[in-house]
Amino acid sequence: MASIAPPDVIRSAYAELVVTDLAAARWFYVDVLGLVVTAETDDALYLRAYEEYTHHSLVLRLGEAPALALLSYRVRGLQEVDAAEAYFRDLGVRVQRVPAGTTLGIGEAVRIEDPLGFPIEFFYDCTHVERLTQRYDLQPANALSRLDHFNVLTPDVPAAEAYYRKLGFGVSETIEDADNLYAAWLFRKQTVHDIALTNGDGPRLHHLAFAAHERGNILSTCDLLGALNKQGMIERGPGRHGVSNAFYLYVRDPDNHRIELYTTDYYTGDPDNPTVRWDVHDDRRRDFWGNPVVHSWYSEGTVVLDLDGKPRALGSAAASEEKVRVGADGFSVAEDLGEGKLGNQV
């Protein structure tokens with residue numbers, strides 16, 4: 001019997017976070033980070049960045065405790081929503097078909113609890129809104145252009161990488177040693193990643209990332225937080241990642257959700273794009289300048305809900321990248337994916 005083909009995923013599309021104070025969340029995401037309000041209800045905010053024409057890339061929904069409620073991917077057409085339902089029913093995970101409007105602005109969709117324990121949605125139809133790319137009269141100095149990726153914590157990165165590869169994702173970069181795969185970056189759009197898999201107790205959300213056009217946009221957020229005497233909301237950076245080459249800043253919102261501001265990664269669209277493999281002993285992997293990573297960045301993450309809105313139990317990670325302590329004398333190499341190589345596990 002032929003295996004069922006996976007849905008044709010285009011990109012990471014939006015996330016839904018549970019927040020405990022909608023006014024405080026609005027201040028952070030709209031007044032500080034500059035996201036645009038597409039719609040607002042008594043219990044939710046629907047936000048987008050300046051280049052986005054789909055209804056939203058972030059939903060903030062009022063609840064009793066901070067959590068991740070949903071990660072959503074857009075697929076190539078309506079038939080791919082059907083393909084998602086068939087693929088995941090065959091895989092044996094929990095599947096829900098949800099009608100249009102279950103989330104404001106989103107058409108009929110399929111939601112699953114994936115093998116990693118995350119609530120995931122696949123959709124195509126959505127409401128289109130004004131793209132504000134050239135509305136420079138509206139854009140602040142720290143303007144964000146689009147949602148870029150999700151980063152999740154999972155106790156078994158090799159299994160998670162294999163799952164996403166079977167979904168048709170490419171592997172752009174890894175962190176590994178002879179015995180362990182600590183992290184992997186996987187993509188569908190032609191950038192470094194739509195999803196990053198980080199070793200840790202999980203399932204938990206590590207962060208959501210929004211892209212900016214220039215480093216200056218990100219530095220403006222630093223200046224703004226300093227001027228507001230909210231510099232304590234900066235967790236890490238600004239800096240330059242070795243993995244992805246991105247210039248980054250990590251901030252924490254009023255509910256402690258982690259948001260990355262991100263720019264200057266690279267194109268991955270060719271079919272033979274090589275996988276860059278970072279040795280875990282290379283201190284440049286997480287910060288190209290060799291700056292240490294704060295403990296909270298490795299240890300803390302957002303609780304994940306199942307499709308019933310209940311917190312998922314955590315599995316424990318067997319290995320810990322944070323515990324690798326060596327000098328910056330490691331190496332990184334780029335190589336093609338091929339049979340028998342770690343990034344080619346299925």
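Predicted model: local features only at pLDDT ≥ 70, side-chain atom pairs only at ≥ 80, totals over all residues.

Mentor: Residues are numbered from 1 along each chain as its sequence is written, and side-chain values use heavy atoms, with hydrogens and water left out.

Trainee: What does Arg 111 form with Glu 121?

Mentor: Arg 111 forms a salt bridge with Glu 121, and their closest N and O atoms are 3.0 Å apart; a salt bridge is a side-chain nitrogen of Lys or Arg within 4 Å of a carboxyl oxygen of Asp or Glu. Arg 111 lies in strand S7 (residues 109-113) and Glu 121 in strand S8 (residues 119-123), so the pair ties together parts that are ten residues apart in sequence. Helices (H or I, at least four residues) and strands (E, at least two) are DSSP runs, numbered from the N terminus.

Trainee: And how many salt bridges does the structure hold?

Mentor: The structure holds 24 salt bridges. One of them joins the side chains of Arg 76 and Asp 8, at 2.7 Å from N to O. Arg 76 lies in the loop between strand S5 (67-75) and helix H2 (78-91), and Asp 8 in the segment before strand S1 (9-19), so this pair ties together parts that are 68 residues apart in sequence.

Trainee: Which residues are linked in a network of salt bridges?

Mentor: That network links Asp 82, Glu 85, Arg 89, Arg 97 and Glu 108.

Trainee: Switching to the backbone, which peptide bond is cis with omega near 5°?

Mentor: The bond from Gly 237 to Pro 238 is cis with that omega, and Pro 238 is found in strand S14 (residues 234-240). The peptide bond from Gly 202 to Pro 203 is cis as well, with omega near 15°, and Pro 203 sits in the loop between strand S12 (195-199) and strand S13 (204-211).

Trainee: What about Asn 245, where does it lie?

Mentor: Asn 245 lies in the loop between S14 and strand S15 (247-252), and although Asn 245 is not a glycine, its phi is positive, at about 65°. With a relative accessible area of 38%, Asn 245 is partly exposed.

Key. Buried < 20%, exposed > 50% of the residue type's maximum accessible area, 1.4 Å probe, protein only.
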